[in-house]
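Subject: Structure handover

Hello,

Here is the structure we talked about. Please load it before reading on; my notes follow below.

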Amino acid sequence: MPKRPDEPTRRRKVWSLSMRVPMPPRHLRLPVWALTSATVVVVLIGAAVGVALLSGAAMTSETTRSSLNERATGLGNGLRHRAHASGLKIGAAAQPTALAGNEGYRTVLSREFDSVTSENQLKWDIIEPSRGLFDWSSADALIGFAEANGQSVRGHTLVWHDALPGWLANGSFSPEELRNLLRDHIHAVVGRYKGRVDAWDVVNEAVADNGGRLRRSPWMDALGPGYIADALRWAHEADPAARLYINDYAVEAANMKSDALYNIAAGLRRDGVPLHGVGFQSHLALGADLTTLGANLRRFADLGLDVAITEMDVRLPLPATAAQHAEQADLYTRVLQACLAVERCVSYTVWGFTDRYSWVPYAYPGWGDACLFDGDYQPKPAYLQLRRMLVDSPRR
Ligand code: G3I
């Protein structure tokens, strides 16, 4: 507060010990050395008590904070922390629009998952919508988010029959031109994110649904079955450290389709092609037969490959009942159990974590409710059951 002009300048008295404490009569005064050591002892005891109180307070506040957090969210440490002991990465596919515009989405994605997959950001139709015109923005945003939140990245996907930009899907190219386009695309995308994408779904859904042959696609029609090995080699040239996968759906059980995938993987390994893993998408519905999933994962692992659950979700008929949510929880849990039981099952990724942004309602009208969290980011029985499982029975 400023001093008034007429106010005399007064020296501010400095408080000192002698001014306030009356001295005892001499015969009661202790020698200086005793006073000093007594003071030191008092100070040390005081310090010890202070530290205890502070740490207790810190503990209390920490405990309070975490219990508040636990109470507030009811979720405390997310799946990523509970899976840490088992060495398993718990992942989620991240939707570009949600990631860009929704704080609640980002909060749950960073709290629960230590791996993110580009749901669409790295597909050809997003990356190069017009020939030679690249849009890296949503991919850059996803990978930047992952790096800021200590998450690894699964790049999805380099070679697929779907999500092709119109100029490519409808263009007419010679086999040589198409081969050059594919090679340059893989080199450009993998090269741009060299060292920042841990694993790539290099070839997606190469096997035909009847399992008897490779799926028809612009790549298969123009380049023949060798396009798979070529794509893996080109990706490896662009980033030798990245783990390279082939990824497919309806291959979770031992069946004709998974047999075909197995033969492809075995052939690639035999030929020394840089294949490091196989992704099992695991888009399930109630009643899915998981009895052979464990043995199926294991036979791929026995080829010297990593295996991964890459797109897990369980669609329900709407509106779903409590019993259907319970069955959904069992399916999520049994897939996790099968993964934990196979040492080389390195990640368990859900395809979107909230019903708010799930692909299912668009692909299966009348179905949905497929994710671990509802549209308001509230956990569902499947989420809670996974949490319990990750604590009760980490990887054997
Ligand atoms: O972003 C555009 C938007 O601008 C436009 O208005 C709107 C309507 O045309 O389309 C939007 O793009 C859509 C995109 O998802 C982003 O939402 C595409 O049309 C739509 O085809 C695309 O669907 C994706 C689909 O793959 C095809 O790429 C789904 O989100 C995605 O979940 C789905 O994921 C696939 C995996 O890649 C492979 N395994 C199966 C899985 C489910 O189909």
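Which residues of H14 are buried? Keep in mind that this is a predicted model. The buried set is Gln324, His325, Gln328, Ala329, Leu331, Tyr332, Thr333, Val335, Leu336, Ala338, Cys339 and Leu340.

**Helix H14**

H14 covers residues 322-340, 19 residues in total. From first C-alpha to last it reaches 27 Å, close to the 27 Å expected at 1.5 Å a residue. Its buried residues have several packing partners. Two of them are helices, H13 (293-301) and H16 (381-392). The others are strands: S7 (283-285), S8 (306-317) and S9 (345-350).

**The disulfide**

The whole structure was searched, and one disulfide turned up. Cys339 pairs with Cys345, with 2.0 Å between the sulfur atoms. Cys339 belongs to the buried set of H14. The S-S torsion is about -100 degrees, so this disulfide is left-handed. How accessible are its two ends? Cys339 is buried because its relative accessible area is 0%. Cys345 is buried too, also with a relative accessible area of 0%. Cys371 is another buried cysteine, again at 0%.

**The largest pocket**

If you plan to work with a site, start here. The volume of the largest pocket is about 540 Å³. It is lined by 27 residues, and those closest to the centre are Glu205, Tyr249, Gln281, His283 and Trp359. What does the lining consist of by class? Eleven of its residues are nonpolar, eight are polar and eight are charged. S7 and S8 each supply at least two lining residues. S7 gives the most, with three.

Thr117 sits in strand S2, residues 115-118. Is Thr117 buried or exposed? Its relative accessibility is 1%, so Thr117 counts as buried. Neighbours within four places in sequence are left aside here. Thr117 then contacts Ala92, Ala93 and Ala94, along with Leu142, Arg154, His156, Thr349 and Trp351.

**Backbone points to check**

Two cis peptide bonds deserve a look before you set up anything.

- His156 and Thr157 are joined by a cis peptide bond, with omega about -10 degrees. Thr157 lies in strand S3 (residues 152-159). His156 is also among the contacts of Thr117.
- Leu318 and Pro319 are joined by a cis peptide bond, with omega about -10 degrees. Pro319 lies in the loop between S8 and H14.

Then there are two alanines with positive phi.

- Ala163 has phi near 55 degrees, a positive value in a residue other than glycine. Its place is the loop between S3 and helix H8 (166-169). Ala163 counts as buried because its relative accessibility is 11%, and the cut-off for buried is under 20%.
- Ala250 is not a glycine either, yet its phi is positive at about 60 degrees. It is found in the loop between strand S5 (243-248) and helix H12 (256-270). At a relative accessible area of 38%, Ala250 is partly exposed.

Best wishes

Methods. Residues numbered from 1 in each chain as written. Predicted model: local features only at pLDDT ≥ 70, side-chain atom pairs only at ≥ 80, totals over all residues. Heavy atoms only, no water. Helix = DSSP H or I, 4+ residues; strand = E, 2+ residues; numbered from the N terminus. Expected span 1.5 Å × (residues − 1). Buried < 20%, exposed > 50% of the residue type's maximum accessible area, 1.4 Å probe, protein only. Contact = heavy atoms within 4.5 Å. 1 Å grid on protein atoms, 1.4 Å probe; cavity = no way out; pocket = protein on both sides within 12 Å on 5 of 7 lines; lining within 4 Å. Points joined across faces, edges and corners; volume = space filled by probe spheres on them. Nonpolar A, V, L, I, M, F, W, Y, C, P; charged D, E, K, R; others polar. Disulfide = S-S within 2.5 Å.
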